[in-house]
Amino acid sequence: MNWHYLQPVTIHFGNGMIACLKDEIRRLGGTRGLLVTSPSLEKNGLAARLVADNEKTLQTVYSRVSPNPDVSQCDACAGLIRQNGCDFVLAVGGGSVLDCAKAAAAFCTAAAPASEYLEKKRPLPEAHLPLIAVPTTAGTGSEITRVAVLSDHQKGLKAPLNTPVFYPATAIVDPELTYTVPKHVTACTGMDVLCHAIEAYWNIHHQPVCDALAIHAARLVFRHLETACEEPENALAREKMAEASVTAGLAFALPGTAAAHACSYPLTSNLGIPHGEACGLTIDHFMRINAEKDTDGRLRELAFATGFDNACSMADAISELKYRTGLKTSLAGYDLTDDQLEKLVQASLHPNLQNNPVPITEAMLRDLYRDLR
Ligand SMILES: [Zn+2]
């Protein structure tokens with residue numbers, strides 16, 4: 001088996017680690033930065049605090065990034081970077097903020113609108129500004145990956161873009177920044193972490209370094225997610241979920257994700273289900289499908305390593321975890337018509353589907369969505 005491993009992002013992890021931001025900006029030679037964040041972090045004062053602490057280097061702020069960031073938000077950020085002659089980007093927020101900022105830090109080097117990159121009408125830029133990523137959820141792992149998921153809401157498009165240019169220069173992971181994350185967002189993002197770990201592990205592009213990281217991350221989610229949801233200021237649970245998020249990010253950064261993520265894109269764009277909750281909806285179903293053809297025993301090993309007797313018990317534990325953390329376990333309530341269901345099937349035929357160890361056919365997707373309906 002041949003494999004390669006590359007991880008170019010400097011990671012600083014720990015409570016209070018946000019204090020090293022000033023040094024990181026200096027180390028990267030940043031003199032004039034764009035702070036990209038979300039309305040909630042502007043409202044709770046974090047954005048203002050960072051601007052005040054770094055007044056000489058952070059004078060331009062874009063705080064309108066929404067969940068499932070739109071290409072128009074990338075264009076707005078790229079426009080601000082160009083107008084103000086910024087030489088670095090600081091992204092502080094959840095995956096949406098990080099993805100929008102990663103794309104803008106590259107798109108600002110060319111004049112084309114973000115929609116043209118999303119529609120694959122032109123190659124992604126090869127130049128970019130250095131980016132410091134500070135995640136405030138645990139999380140997408142976006143702070144250490146080369147992927148940015150963007151949407152064009154006008155055209156009903158949502159897709160990941162993938163290029164080495166999107167790697168942040170530095171990730172500052174401070175678990176204390178996640179204490180204010182509401183319960184439902186904690187549950188959704190935590191389920192996303194578990195899906196990253198599992199889909200990295202059973203991915204057809206799996207490799208040993210990422211396997212080890214994936215097992216570590218999955219164990220942490222089973223142990224700490226429920227507590228992080230119930231006790232938002234539980235320091236151990238928050239720290240361990242932040243650790244799980246980074247290690248799961250490192251696990252899937254190279255192999256990529258698989259079928260649950262392929263299905264999540266239309267579940268989010270057609271039905272508005274948050275990303276992590278959408279991934280969680282199908283992950284246990286794919287686990288049962290994959291367990292039936294676990295010829296090399298890898299799935300059984302994953303189950304053992306994370307504390308279960310077999311893959312089916314692990315799938316049961318995932319369903320239970322969803323139930324206990326208030327996440328959707330079915331699509332009941334959407335009253336999906338046959339036509340809507342068919343649209344979900346067709347839109348799930350995303351390239352990531354092919355990373356699943358068992359080939360997933362249209363008929364299998366149809367059965368899965370019918371079961372969920
Ligand atoms: Zn994800």
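Select serine 348 and show its neighbours. Leaving aside residues up to four places away in sequence, serine 348 touches Ala262, Cys263, Pro266, Leu353, Leu365 and Tyr369 (contact means heavy atoms within 4.5 Å). Serine 348 is buried, at a relative accessible area of 0% (buried is under 20%, exposed over 50%, partly exposed in between, with a 1.4 Å probe and protein chains only). Now show the cartoon. Serine 348 sits in the loop between helix 14 (338-347) and helix 15 (362-372). Helices (H or I, at least four residues) and strands (E, at least two) are DSSP runs, numbered from the N terminus.

This is a predicted model: local features need pLDDT of at least 70, side-chain atom pairs count only at pLDDT 80 or more, and totals for chains, interfaces and linings use all residues. Numbering runs from 1 along each chain as its sequence is written, and side-chain values use heavy atoms, without hydrogens and water.

Next, colour by domain. Select 10-178 for domain 1 and 183-372 for domain 2; such bounds come from an automatic or database domain assignment. Their C-alpha centres lie 26 Å apart.

Zoom to the interface. Here 19 residues of domain 1 are in contact with 23 residues of domain 2. About 1700 Å² is buried between the two domains, 67% of it from carbon and sulfur atoms. Buried area is the accessible area (1.4 Å probe) that two parts lose on being put together, summed over both. Select Phe13, Ala138 and Lys158 in domain 1: these lose the most area to domain 2, together 28% of what that side buries.
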